[in-house]
Amino acid sequence: MSQWDDTQITGKLKEGGNKITKIYQIGRKNQNTHKIVVLETDIPLQPLIQIGQTGTKYRLEPYKNKPRFCNNCKHWGHHSSKCKNKTRCNNCGGTHKGKCLRTHPKCAQCLGPHLPKSPACQATVRELNIINEMELRQINYNTARKLHKLDKQQHSSIVGSNNINPNQLTKIGNEITLEINKSLTVLEKVINLIHQSNHKETKGIHKTLLNAKSEFQNLITVNDCIRNG
Ligand SMILES: [Zn+2]
Ligand SMILES: [Zn+2]
Ligand SMILES: [Zn+2]
């Protein structure tokens with residue numbers, strides 16, 4: 001992998017009137033091979049750029065939010081460069097040194113019988129939801145993360161008991177409102193898109209969706225009553 005040459009590459013990227021707003025260094029500090037460039041452009045970018053006729057080729061990829069996995073503590077949500085936790089074993093979630101003796105995996109995050117990156121893990125599902133939410137709402141990681149709080153205790157305390165106390169009811173209510181609002185956001189987006197497309201065939205759907213929207217809004221009112229007891 002070639003070293004990044006700022007002047008040459010930015011020069012190349014600016015061709016055709018493109019404007020560079022920001023350049024971020026990614027990866028290890030001593031590795032200077034990958035960067036994120038925030039670029040304002042009206043033209044589709046070529047997947048490869050070459051410096052000079054025979055010069056080095058650089059691959060260009062559109063930036064996509066990727067799930068963050070920590071190779072140190074084996075949790076989703078941050079990179080190992082930012083990790084303040086103990087080093088954990090990928091196989092058993094333990095903090096032992098040397099070879100792991102456990103035959104069946106135990107997740108470092110949820111203690112379940114799978115590896116931490118497994119799609120069977122709640123934490124993996126959550127991380128993917130966070131990334132989707134970021135794309136959908138164009139929000140940053142931390143904001144999206146707050147919308148997808150892993151309601152581990154909430155869940156277990158509700159499922160694990162025969163009684164629900166008013167405190168839990170408020171919590172459930174909050175969670176329901178959050179979910180309804182999420183659906184409402186998607187619904188509104190679709191309604192707007194259909195409205196803009198202005199096709200005859202979609203007129204009927206438009207009406208149905210508007211009805212659905214008001215149903216959702218009714219649900220929020222009902223749920224407010226639940227929350228307030
Ligand atoms: Zn970590
Ligand atoms: Zn282990
Ligand atoms: Zn797990």
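Rings of Phe, Tyr and Trp (its six-membered ring) are taken as a pair if their centres lie within 6.5 Å, and planes under 30 degrees apart count as stacked, over 60 as edge-to-face and the rest as tilted. By this rule the predicted model contains 1 aromatic pair. The pair is formed by F69 and W76, which are edge-to-face, with 4.9 Å centre to centre and 70 degrees between the planes. F69 is buried at 10% relative accessibility, and W76 is buried at 13%; buried stands for under 20% relative accessible area, exposed for over 50%, and partly exposed for values in between (1.4 Å probe, protein chains only).

The model is a predicted one, in which local features need pLDDT of at least 70 and side-chain atom pairs count only at pLDDT 80 or more, while totals for chains, interfaces and linings use all residues. Residues are numbered from 1 along each chain as its sequence is written, chains are lettered from A and ligands numbered from 1 in the order in which they are written, and side-chain values use heavy atoms, with hydrogens and water left out.

The zinc ion (ligand 1) is coordinated by C70 (SG), C73 (SG), H78 (NE2) and C83 (SG) at 2.1 to 2.3 Å. Donors are N, O and S atoms within 2.8 Å of the metal (3.2 Å for Na, K and Ca); water is not among the atoms, so sites may look incomplete. The 4 donor atoms around the zinc ion (ligand 1) subtend angles of 106 to 114 degrees, and the arrangement is therefore tetrahedral. Four donors count as tetrahedral if all angles lie between 85 and 135 degrees; four count as square planar and six as octahedral if opposite donors are over 155 degrees apart and all others between 65 and 115, and anything else is irregular. The ideal angle for four tetrahedral donors at a metal is 109.5 degrees. Along the chain, the donors of the zinc ion (ligand 1) follow the spacing C-x2-C-x4-H-x4-C. C70 and C83, both in the loop between β4 and α2, link distant parts of the chain, 13 residues apart. Helices (H or I, at least four residues) and strands (E, at least two) are DSSP runs, numbered from the N terminus. C70 and C83 are both buried.

Because C89 and C100 both lie in the loop between β4 (57-59) and α2 (122-137), the pair ties together parts that are 11 residues apart in sequence. C89 counts as buried at 14% relative accessibility, whereas C100 counts as partly exposed at 22%.

C110 is partly exposed at 31% relative accessibility, and H114 is buried at 13%.

Q109 is placed in the loop between β4 and α2 and is buried, with a relative accessible area of 11%. Its side chain reaches the backbone nitrogen of W76 at 2.9 Å. A polar atom of the Q109 side chain also lies 3.0 Å from the backbone oxygen of P116. A polar contact is a pair of N or O atoms within 3.5 Å; within protein, one must be able to donate a hydrogen and the other to accept it, and residues adjacent in sequence count only if both atoms are side-chain atoms.

Most residues other than glycine have a negative phi. K74, in the loop between β4 and α2, has a positive phi near 60 degrees and is buried at 10% relative accessibility. L111, in the loop between β4 and α2, has a positive phi near 65 degrees and is exposed, with a relative accessible area of 58%. Q138, which follows α2, has a positive phi near 55 degrees.
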